[in-house]
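Thanks for coming. I have one structure to go through today, and I will take it a few residues at a time.

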Amino acid sequence: QVQLVASGGGLVQAGGSLTLTCAASGRFDMYAMGWFRQAPGKEPEFVAGLNRNDGYIHYLDSVKGRFTISRDNVKKMVYLQMNNLKPEDSAIYFCAVPRLLLPGAAFDYRGQGTQVIVSS
């Protein structure tokens, strides 16, 4: 199992940047990791994911070129660098273990999220 806690969210103007951090405990290095987001009234959405050794990374089309996911298996951390943020990026972001590295993927071990609000 793995336990996950996200942080780093906040209020930012459109065009700004934020870096989200996910701290993990447990057998972190055994799992692919992903960032998801959930806007009010909507289902959770896969944003980005990577496998255990960074050999495969996938992004939601709408964030390609703006977001970068990375991980540090020694520190047990997953990061999401978000640049050129748009109001439609506003949501609660959380990290989890994706069952597939694809949009629409289900997930396990959903962690505590962090809210991102992008003002126009």
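First, a definition for accessibility: buried means under 20% relative accessible area, exposed over 50%, and partly exposed in between, with a 1.4 Å probe and protein chains only. By that rule, Gly104 is exposed, at a relative accessible area of 72%.

Before going on, the provenance. This is a predicted model, where local features need pLDDT of at least 70, side-chain atom pairs count only at pLDDT 80 or more, and totals for chains, interfaces and linings use all residues. Residues are numbered from 1 along each chain as its sequence is written, and side-chain values use heavy atoms, with hydrogens and water left out.

Back to Gly104. Strands here are DSSP runs of E, at least two residues, and helices are runs of H or I, at least four, numbered from the N terminus. Gly104 sits in the loop between β9 (91–98) and β10 (107–108). Its C-alpha atom is separated by 9.3 Å from that of Val47, 57 residues apart along the chain.

Next, the disulfide. A disulfide is called when a pair of cysteine sulfur atoms lies within 2.5 Å. How many does a search of the whole structure find? The search finds 1. Cys22 is joined to Cys95, with an S to S distance of 1.9 Å. The link of Cys22 and Cys95 is right-handed, with 70° about the S-S bond. This pair links distant parts of the chain: Cys22 belongs to strand β3 (residues 18–26) and Cys95 to strand β9, 73 residues apart. Are the two cysteines buried or exposed? Cys22 is buried, at a relative accessible area of 0%, and Cys95 is buried, also at 0%.

Asp89 is in the loop between β8 and β9. Asp89 is buried because its relative accessible area is 0%. Which residues does Asp89 touch, not counting those up to four places away in sequence? With contact taken as heavy atoms within 4.5 Å, they are Arg37, Val63, Arg66, Phe67, Asn84, Val116 and Val118.

Last, backbone angles. Most residues other than glycine have a negative phi. Lys76 is not a glycine, yet has a positive phi of about 60°. Lys76 lies in the loop between β7 (67–72) and β8 (77–82), and at 30% relative accessibility counts as partly exposed. Tyr109 is not a glycine and has a positive phi of about 55°. Tyr109 is in the loop between β10 and β11 (114–119), and is partly exposed with a relative accessible area of 33%.
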